[in-house]
Structures are given as C-alpha cells and as structure tokens.
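This report looks at how two parts of one chain meet. The interface comes first, then the wider layout.

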Amino acid sequence: MGRDELTDAVADAHRRGWGRVLATVVRVTRDLDAAEDAVQEAFAAALELWPDQGVPADTTAWLTTVARNRALDALRRERTLARKLPLLIVPGDDAPADVEPIEDERLRLIFTCCHPALALPARVALTLRLVCGVPTPDVARLFLVTQPTMAARLTRAKKKIQAAGIPYRVPAAHELPDRLPAALAVVSLLLTEGHTASRGDSLRRPELVRTATELAEVLAELMPDEAEVLGLLATVRLAAARSAARLDTEGGLMPLSAQDRSLWDPALIEDGCALAGRAMRRSSPGRAGPYALHAAIAAVHSEAPSYEATDWTQVVALYDLLLAVAPSPVTALARAAAWSHVAGPAAALDEVTALAADPRLHGYYGVPAVRADLLRRLGRNAEAAASFAEAAASTANDVERSYLLARAADPAL
C-alpha cells in the first residue's frame, strides 16, 4: 500500500469513525483528555500497522478495539483500574432506571458531553471538537472567534469538567430536556460546516452533512413531538433538497438568486416544508424557538417559484421573531439582506454599515459580501468590486473565494 493510499484510508476512517470510537473509549476512561489520547494513539497505530496488515474491513471496529485497549493499559499503569471499574458504563448495566434508550453512540456521547455545568457555548464547542472531530480552527470560525481564543475555551472547559468531577454517564430521560438545546446546536453547527466548509477546496463536507442528517433523524425518533427537533430535521431536509443546484457544471458557486430550481428535489422540499409546518404548530403560541423559525425561513425560500417571487415580507417577519428569541449578528445580517428586497438596497445598506461595527463580525466575509451586492444593485460598481474583493480575502473556502473574485472583476454579473 502506498503512502497516499494509506493516508486516504486513515483520513476516511477518521471521518467515519472518530465519534463512535471516542464514544466507546470515554465510557472506559471517564476522562475526555485520556479518551482523546487513546483514540489518537489508535490512529497512529493504524498508520504503523495497516501497511503490513492491510486496511481492515471494519476500520471503526479495529480502531475501537485498539483505542479501548490503549485506554485500559493506561488505567492499569496508573494503578487505578480497580477504582474505576465500578464506574464503567455499559448500556443496560448500571444506568439509571429512567435512562431513555439512545442507540446511536454519537448522539449518546453528545448528550453526555452537553452537561449543564458548562456554559452553553463551551458545551457545544467541546462536543463539536471531541465528539464530531471538527478541527479547532473550524470550530473557531463557526463561533466567529480566533483559533487561539477557541483553543483556550476548549482547554478551560475540559479543566472545569475534571475539577468539578462531572460524571461521564448517559443522562437519564428527565435530564434530556435540559441538554437538548446544546445537542441541537451541535447538530445544527455540524450541518452548517458541512453545508459550506470553513476552508478547503470543496464547497461542502459531505461526511459532516451525512452525520448531521443521521443525528437529526435519530433525535426525531427519540423526541418526535419536540418542535425544535422537528425544526432542525426540516432544515436538514430543505438543505439537502437544494444542494444539487448550488454548483454549476464547472464546480462554481451558484447563489440562491441564480440557482436552477428545477434541480431542487421536490419530494425533499415537500417533506421539509411539512416538518417545518409541524414545528411551528407545535411551538408555543408566539414563542417559536430558533430551529422552528430557521425551518420556517427555509420553507418560504423553498416554496417560492423564483427568487424574485419569494415572500420577502414574511422572511423579514420570521427573522424579526428569530432575533427576538436568539439574537445574533449573523442573523441580523441575513435579515438586512432580506429587508433589501422589501425596503430597497439603500435602506439595507445603512443597516449593514451599522452591523459592520459589531466586533463579533470582524473578519466575517458575510458583511462585505452582503454590502457588495447592495452596492451593485445601487449601481455603485466600483465600491461593489472593492467589497467583493474584501469578502474574497476573508473566506478560506476556495469555491466561495473564486466566486467572489469573479464578482469583484465584474460586479455587474
């Protein structure tokens, strides 16, 4: 086996199996750092052994066995195995009587890591990094912070877990509602990163989209009457429905305004819109949650026969509701873009200019990208070109950058 083939095999095993391997090992170690070390050692062993042994048919099972053995060896070396054995989690053994069965190991570990003793952003970031295997730079971009800032946050979160003695056990059924917001955020951000990768030469990361889809489906099976779960699944379905139209025949980015809607999947749109409707109906009157509202916005876009025929007034109203329950500068920026189709680009440009002063959006490519489109529509092409170029310099995704650079060269496109 050549070095490139080996590297590809290990990388594929990492994409497919990291979460499942870690989920098993953390039940042995009850310590995230120790579990992560053992899993990393297993991948290192794969690089060493697979050239001679060949790639196993089930790479996840092979890595799980090696990582678990490494973890047990470490426990024995520390002479703590006897003390820790009673704490090992084996589903069905010592779990509380009211534990809800969560058969997907990744989802089980997500709920386990989303302990309410940690602040919500810390819970979500730590779970994305450790359970889902999203690299720290990408987690940082999702949270609109620098990589050093995110690395420090992750370190503090792990130290707090150790210092507080937070147990690594599957939460009981009555504990799930308190952990649901963090679990939803993890899956949602996983979808966001999969839908448009923070960096690299591909627009999407299909393996993350696949994982987010699987987790959203399992969540819906676990909590079929929860409005926010239905909203998340609706968003997943509608994103999948439109995915085929996001790139042209040469692999270039196609914005929503230019997409060929005949390429959208009508069955998925029907399913996603139905789920979005159920999510809104199951929400408390006047108090829909962020995932139900995100789904409702996606449904309005998906049901429109054309970009121009979109019910922009309804989209703006839904963004207003979303900002009321989950304030976010990125949501405010999206609302401004929608508002431009109601009040005109000049009014929206004033809002975008004000938002640009928010330090949380510093370096976020979406601000100059939206500003550039508004300037283009106002006929201010020279300023639009400069803003498109600024946006291109601010994204690490090659497909997005190529699109933005082409717009900078010819803003009137």
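Across the interface of domain 2 and domain 3, six residue pairs are in polar contact, both residues at pLDDT 80 or more. A polar contact is a pair of N or O atoms within 3.5 Å; within protein, one must be able to donate a hydrogen and the other to accept it, and residues adjacent in sequence count only if both atoms are side-chain atoms. On the side of domain 2 that touches domain 3, the elements giving two or more residues are α9 (176-195) and α10 (206-222). Helix α9 gives the most, with eight residues. By class, this side of domain 2 has eleven nonpolar, four polar and two charged residues. Here Ala, Val, Leu, Ile, Met, Phe, Trp, Tyr, Cys and Pro count as nonpolar, Asp, Glu, Lys and Arg as charged, and the others, Gly among them, as polar.

The model is predicted: local features need pLDDT of at least 70, side-chain atom pairs count only at pLDDT 80 or more, and totals for chains, interfaces and linings use all residues. Residues are numbered from 1 along each chain as its sequence is written, and side-chain values use heavy atoms, with hydrogens and water left out.

The chain divides into domain 1 (3-79), domain 2 (103-223), domain 3 (225-327) and domain 4 (341-413). These bounds come from an automatic or database domain assignment. The centres of domain 2 and domain 3, taken over C-alpha atoms, lie 23 Å apart. In contact (heavy atoms within 4.5 Å) are 17 residues of domain 2 and 15 residues of domain 3. The two domains bury about 1,400 Å² between them, 75% of it on carbon and sulfur atoms. Buried area is the accessible area (1.4 Å probe) that two parts lose on being put together, summed over both.

A salt bridge needs a side-chain nitrogen of Lys or Arg within 4 Å of a carboxyl oxygen of Asp or Glu. The count is 18 salt bridges. One salt bridge is counted between domain 2 and domain 3. Two pairs are listed here.

| Salt bridge | N to O distance |
|---|---|
| R237 and E217 | 3.1 Å |
| R205 and D138 | 3.3 Å |

R205 and D138 link distant parts of the chain, 67 residues apart. R205 sits in the loop between β1 (199-200) and α10, while D138 is in helix α7 (residues 136-142).

Definitions and conventions:
Helices (H or I, at least four residues) and strands (E, at least two) are DSSP runs, numbered from the N terminus.
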